[in-house]
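Have a look at it first.

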Amino acid sequence: MKIHDLIGVGFGPSNLALAIALQENQAQAAPIDALFLEKQPHFAWHGDMMLDGTHMQISFLKDLATLRNPASPYTFINYLHQKQRLSDFINLKTFYPSRLEFNDYLAWAAGHFDHQCHYGEEVIAVLPEIRGSEVSMLRVVSRDAHHRTHERLTRNLVMALGGTPNIPDCLAHLREEPRVFHSSSFRSAFARLPPPRRVAVIGAGQSATEIFLELQGHPHLSVDLVTRARTIKPSDDSPFVNEIFNPDYTDYVYNTPNDSRAALLEEFMQTNYAAPDMALIERLYDVLYQQKVRGQQRHRFLRRHDTVEAWSDDAGVHLALKNLESGEVNTETYDAVILGTGYQRQQHHALLGELQAYLPGMRVDRHYRLDSTPNFRPAIFLQGSCEDSHGLSDTLLSITAVRTDEIRMALAHTLHQGHAAPSALQASGDVQRHGALQA
Ligand SMILES: Cc1cc2nc3c(=O)[nH]c(=O)nc-3n(C[C@H](O)[C@H](O)[C@H](O)COP(=O)(O)OP(=O)(O)OC[C@H]3O[C@@H](n4cnc5c(N)ncnc54)[C@H](O)[C@@H]3O)c2cc1C
C-alpha cells in the first residue's frame, strides 16, 4: 500500500490553504506527497448558510494566501483578476465580499487541487501502525457515500475538521426530528419541510440573526427569536481590538501562562461569539420596529427566555420557555425550531481515540503539533481546534495563511529529520520560535 507523507482530514479553507502553502514551497528534490479527504461531495464553504445578502466578517486580505505570500496566485485579488471582476470589485469600495463570492473564490482555489483531494469520504478512524516497539505511521480509515471503507497509510496527519453542531441538552433527544435542526443544515433542512407557519430560532449570534432576517420576509410566517441574553450586542471589530486577530498575537496568547490565558480569551469573547454584526442588529431592530408602526406583532424577540423542555407530536414541536425575569414557564408550539447555538470543536478526540495512549493530554505545541510519547513517530497537527492555546483567531480565517505556513515548516522539519520524535523537535528549540524553523 502506498504511504503518503501527509493525509489531511477535511478540505475546508484551513487544509486548502495548507495545500497551497505546500505547493508554493515544494522542494523539487523531495516533494511532499499530501492527500486530503473531505466528506462533502464537492467543495462547499458552509453551503447551508449561504444566504442572500450575507457578507464576510473579515477582510478579503485575510484570504488563503495574502498574509503568507501576497504574490501567491491564490489570493482573492488574483481570483478577481482571473474572473475579470477586479475593476468592478474595486467599485464596491469594500473589504467584505459577499459570502457567495468568497465561497466561489474558495471553490476556484480548491479546483486547482482536485487531484489531491478525495471528496465524498468521511474519515471515521485513525489507527496506529505498530512496527516493533513504536508507532511508525498511521492508518486512516474512511467511508464513502456507498458505505465502502477505504484505508490509507500516512507518515503524518493534519486534521482541520471545523465544528460540529452544539445542541442544547434539552433538545438533544430530538436529533432525529426533522422539524428541529441546527443552523449548519438550515437551507437543506428547511427546504425539506412543508411550508411552516410558526418558527423559533434559538440563539442571538450571527447565524441566528441571519436566519431570522432570512425568514421574516416570508409571507404567512411568524418567527420567534429566542435567547437567554438580555439584549443583542454587536461584535467588536474596532481596530485595537482587531489586533487580537493579527498573526503575531498568536505568540502572545500561546506564551501567556495557562491560568491567565482563559481570562484573556474571555475578555475578547465578544469579538466572535453571540455577537452579530452591527448592520444585522440594526436590520433586526428595524423589522421589529416596523411591526410596531403597523400595529401588528408577527415576529417576536423573546429575550431572557430559556428553553427548559422540548417535545414533538403531530401538532408541532413544543418548547417550554422559561422567562428568566419572572420565572414563569410557557409552552409555545412551532412547525420548525432552528438552533443557532454554535459549534463544538471536539471531533478530533473521537477520531484519534485509538491513539489516546500515545497522545497524553491532547496538547499541541506552538506549531499545532500534538505532543506524543517518544515511541510515536507520526506528527499530528490540528487546525481550528486550538482556540484554548492559540487564541480566538484559531477558528476563523484570520491567521489561516500564516498558520498553514507554520505547519508546513514543522512538517518539512519532521520529514527532514526522518520523523524525529517530538522530544527532538522540542530540543531543537523551534517550539516557541517560529522563525527558527525555516525549511
Ligand atoms: C456560516 C458561517 C460563516 C462564517 N463566516 C466567517 C467569516 O466571515 N470570517 C471568518 O474568519 N470566519 C468565518 N466563519 C468561521 C469558519 O470556521 C471559517 O470561516 C472556516 O470555515 C474555517 O475553515 P476550516 O477548514 O478550519 O473548517 P471548515 O470550513 O468547517 O471545514 C472543515 C471541513 O472538514 C470536513 N470534515 C469534517 N469532518 C470530517 C471527516 N471526519 N472526514 C472528512 N471530512 C471532514 C467538513 O465537511 C468541512 O468541509 C464562519 C463560519 C460559519 C459557520
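A crossing of two helices is left-handed if the near helix is turned anticlockwise from the far one by less than a right angle, and right-handed if clockwise. Helices (H or I, at least four residues) and strands (E, at least two) are DSSP runs, numbered from the N terminus. Here, H1 passes H13 in a right-handed crossing. This is a predicted model, where local features need pLDDT of at least 70 and side-chain atom pairs count only at pLDDT 80 or more, while totals for chains, interfaces and linings use all residues. Residues are numbered from 1 along each chain as its sequence is written, and side-chain values use heavy atoms, leaving out hydrogens and water.

Who touches whom? In H1, Pro13, Ser14, Ala17, Leu18, Ala21 and Leu22 meet residues of H13, including Thr400, Arg403 and Leu411 (contact means heavy atoms within 4.5 Å).

Most residues other than glycine have a negative phi.

| Residue | Phi | Loop between | Relative accessible area |
|---|---|---|---|
| Lys93 | about 55° | helix H3 (86-92) and helix H4 (99-111) | 77% |

Notes: Buried < 20%, exposed > 50% of the residue type's maximum accessible area, 1.4 Å probe, protein only.
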